[in-house]
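Subject: Handing over a structure, with notes

Dear colleague,

I am passing this structure on to you, and below it you will find my notes. Please read them with the model open beside you.

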Amino acid sequence: QVQLVESGGGLVQPGGSLRLSCAASGLIFRIYAMGWYRQAPGNQRELVATITSGGTTNYADSVKGRFTISRDNAKNTVFLQMNSLKPEDMAVYYCYAEAQRTILSSRVDYWGRGTQVTISS
């Protein structure tokens with residue numbers, strides 16, 4: 001299996017910053033896209049940002065200019081720098097990775113368990 005473990009969530013005031021990290025481990029042949037989704041209570045899970053292995057990024061309109069996604073391919077890790085946080089950013093943030101376990105395996109999306117981001121003054 002491929003395990004994804006997120007870290008870096010917590011409580012921050014509006015306008016503050018947080019940096020999320022997500023490390024993938026286990027049997028991994030190759031990781032393709034990695035990214036972040038979030039889910040607030042009563043809402044569907046929504047895309048926040050994605051990044052390909054080549055570094056191409058994609059952001060939700062609601063976070064453009066405030067969030068930055070990056071990755072360290074050598075460490076199978078993806079990051080999300082979140083600045084100018086707003087109350088509407090409060091949610092559980094989930095990391096995902098599209099990965100191949102072996103050269104013969106299919107590409108599969110793997111998910112972390114999530115990390116809570118709370119915005120409150």
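The model is predicted, so to speak of local features a pLDDT of at least 70 is needed and side-chain atom pairs count only at pLDDT 80 or more, while totals for chains, interfaces and linings use all residues. Residues are numbered from 1 along each chain as its sequence is written, and side-chain values use heavy atoms, with hydrogens and water left out.

A nonpolar core here is a set of buried Ala, Val, Leu, Ile, Met, Phe, Trp, Tyr and Cys residues joined through side-chain atoms within 4.5 Å, where buried stands for under 20% relative accessible area, exposed for over 50% and partly exposed for what lies in between, with a 1.4 Å probe and protein chains only. The largest such core has 31 residues, and the members that touch the most others are Trp36, Leu80, Met82 and Tyr93. Two or more residues each are given to this core by β1 (2–7), β3 (18–26), β4 (30–39), β5 (46–51), β7 (67–72), β8 (77–82), β9 (91–100) and β11 (115–119); the largest share, 5 residues, comes from β9. Strands are DSSP runs of E with at least two residues, and helices are runs of H or I with at least four, numbered from the N terminus.

Strand β9 is mostly covered, with 8 of its 10 residues buried. Strands are said to pair if DSSP finds at least two bridges between them, and β9 pairs in the antiparallel sense with β4 over 8 bridges, with β10 over 4 bridges and with β11 over 3 bridges. As for individual bridge partners, Trp36 has Cys95 in β9, Ala97 has Tyr110 in β10, and Tyr93 has Thr115 in β11.

**The disulfide**

The structure holds 1 disulfide, a term that stands for a pair of cysteine sulfur atoms within 2.5 Å. This disulfide joins Cys22 to Cys95, with 2.0 Å from S to S. Cys22 lies in strand β3 and Cys95 in strand β9, so the pair ties together parts that are 73 residues apart in sequence. The torsion about the S-S bond is about -75°, so the disulfide is left-handed, and both Cys22 and Cys95 are buried.

**Aromatic rings**

There are 3 aromatic pairs in the structure; rings of Phe, Tyr and Trp (its six-membered ring) pair if their centres lie within 6.5 Å, and planes under 30 degrees apart count as stacked, over 60 as edge-to-face and the rest as tilted. Tyr37 and Tyr96 form an edge-to-face pair, at 5.7 Å centre to centre and with 75° between the planes. Because Tyr37 lies in strand β4 and Tyr96 in strand β9, this pair ties together parts that are 59 residues apart in sequence. Tyr96 counts as buried at 10% relative accessibility, whereas Tyr37 is partly exposed, with a relative accessible area of 24%.

The rings of Tyr96 and Trp111 have their centres 5.5 Å apart and their planes at 35°, so this pair is tilted. Trp111 lies in strand β10 (residues 108–111), so its pair with Tyr96 in β9 ties together parts that are 15 residues apart in sequence.

**Salt bridges**

The structure holds 5 salt bridges, each being a side-chain nitrogen of Lys or Arg within 4 Å of a carboxyl oxygen of Asp or Glu. One of them joins Arg66 and Asp89, at 2.7 Å from N to O. This pair links distant parts of the chain, with Arg66 in the loop between β6 (57–59) and β7 and Asp89 in the loop between β8 and β9, 23 residues apart. Arg66 is buried, with a relative accessible area of 10%, and Asp89 is buried at 1%. Arg38, Glu46, Arg66 and Asp89 are linked in a network of salt bridges.

Best regards
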